[in-house]
Amino acid sequence: EYAFYNNHKNMNNNDLQLWKINQAIPSLDNEINGKNNPLELGLADLIDFNKGCYLGQETMSKIRNVSSLKQEIRVWTAKDSLFNLEFDNKTIYNNYKKEKSVGYITSIYKLGSQKIKGLAMIKRKYLETGNTFYTDNYCQISIDKSIGSTFFK
């Protein structure tokens, strides 16, 4: 999965999409949609907090200084190869009983017939409780540790 560094000229669109998901790189219309801020998307390293006078500067500084992020982007993997890629409700729950919503799926990528991966926005308070969650159609998924910005580490 990470052999793309040496073979970057041989990558096709599917390889690139998988590499981006494994790196938790947000994409337009999925994660970068006006609902998520750059800090939640792991893009803090791309924000210049010393530069003055730009749209959203005060909000970004306040979020960074108070550390009030409500959610983070994470890579997820389906534990069930029968995961339904076409379901409408992409909500992620804390257990199979669907007691609490912990986030939502933003991107899905199928790795052949065995594995399905993607990106999701997960509420931070549930990231400490473990890495196993459930989708609306009772499929179990695991959430990977953050690999994004140094801001989250």
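Six strands close into a barrel, in the order β1-β4-β3-β2-β5-β6, with antiparallel pairing; two strands pair if DSSP finds at least two bridges between them. From one strand to the next, the twist averages 40°, where axes are lines fitted to C-alpha atoms, for helices over the stretch in contact, and angles run from 0 to 180 degrees between N-to-C directions.

A word on the source: this is a predicted model, in which local features need pLDDT of at least 70, side-chain atom pairs count only at pLDDT 80 or more, and totals for chains, interfaces and linings use all residues. Residues are numbered from 1 along each chain as its sequence is written, and side-chain values use heavy atoms, leaving out hydrogens and water.

Helix α1, residues 13–22, lies across β1, β3 and β4, at about 150° to β3.

Overall, the protein has two helices and six strands, these being DSSP runs numbered from the N terminus: helices H or I of at least four residues, strands E of at least two. Of its 153 residues, 39% count as buried, meaning under 20% relative accessible area with a 1.4 Å probe, protein chains only.

How values were computed
Contact means heavy atoms within 4.5 Å. Buried means under 20% relative accessible area, exposed over 50%, partly exposed in between (1.4 Å probe, protein chains only).
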